[in-house]
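Please load the model in your viewer and keep the selection panel handy. We will go from one stop to the next, with something to pick at each.

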Amino acid sequence: LNNTGDLIPLSLISEKNDKVKVIKANADYFTKQFYDLDQYSIKEKKENVLWLVGEQPTNLIKDKDRKGYYSNFLSINGLVQKSEILPNSWRIDNVDGNPNVSFSVLVKRINGTVEDYFQADVQLRMTKVNINYPYNPFGYLITNFTESLSKVNVPTDEEIIIQDSIKREQINPTIEIK
């Protein structure tokens, strides 16, 4: 039953859950290619990201490159960046059309013994395209992309435990069908 009391076929619920999983997997793949960086994989990851995005995000990525963002990983020996999508930050609208997705990414930048943490609040729009494995394995092209990046404090042990428990709960999320 939906929120108005109408009966919904189980196949529609299953289909919607599957679409949400593919959308989340595409966003997670994009996040890993865009934020998880080191000097050894940077060239490959930049290329992988460009296969996932349309013209507007490509211009933003090229602008970051011109400003020296990627060259830092080549010039600073041992600089590594890791990322993780915060599990309670997902918002997905228009699952059946061209989804609008927003989420927050915790970025950990490691330079030797110095660790800095950033939070990137990401908003993007996906357009369904043909699957082009391995270049675009989920069949969604990111056509609009914005991020708001801010430095944050090191997560406490309690915050890490809460995030881990949320991840376990979201293995099989419930989807509201409108």
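The tour below visits a core, a residue and a pocket. Keep in mind along the way that this is a predicted model.

**Stop 1: the core.** Start by selecting Phe30 and Leu124: among the 29 residues of the largest nonpolar core, these two touch the most other members. Next, colour the elements that each supply at least two residues of this core: helix 1 (10-35), helix 2 (42-52), strand 1 (79-85), strand 3 (100-111), strand 4 (114-128) and strand 5 (140-152). Helix 1 gives the largest share, six residues.

Now show what surrounds Phe30. Beyond its neighbours within four places in sequence, Phe30 is in contact with Val49, Leu52, Val53, Leu124, Ile142 and Phe145.

**Stop 2: Asn26.** Stay on helix 1, where Asn26 is found. Is Asn26 buried or exposed? Its relative accessibility is 1%, so Asn26 counts as buried. Display its contacts too: setting aside residues up to four places away in sequence, Asn26 touches Leu52, Met126, Asn136, Phe138, Tyr140 and Ile142.

**Stop 3: the second largest pocket.** Select Glu84, Leu86, Leu106, Pro155 and Ile160, which lie nearest the centre of this pocket among its 18 lining residues. The space in the second largest pocket is about 420 Å³.

Which elements each supply at least two residues of the lining? Strand 1, strand 3, strand 4 and helix 5 (157-169) do, with the largest share, five residues, coming from helix 5. Finally, colour the lining by class to find eight nonpolar, four polar and six charged residues.

Conventions: Residues numbered from 1 in each chain as written. Predicted model: local features only at pLDDT ≥ 70, side-chain atom pairs only at ≥ 80, totals over all residues. Heavy atoms only, no water. Core = buried A, V, L, I, M, F, W, Y, C linked by side-chain atoms within 4.5 Å. Buried < 20%, exposed > 50% of the residue type's maximum accessible area, 1.4 Å probe, protein only. Helix = DSSP H or I, 4+ residues; strand = E, 2+ residues; numbered from the N terminus. Contact = heavy atoms within 4.5 Å. 1 Å grid on protein atoms, 1.4 Å probe; cavity = no way out; pocket = protein on both sides within 12 Å on 5 of 7 lines; lining within 4 Å. Points joined across faces, edges and corners; volume = space filled by probe spheres on them. Nonpolar A, V, L, I, M, F, W, Y, C, P; charged D, E, K, R; others polar.
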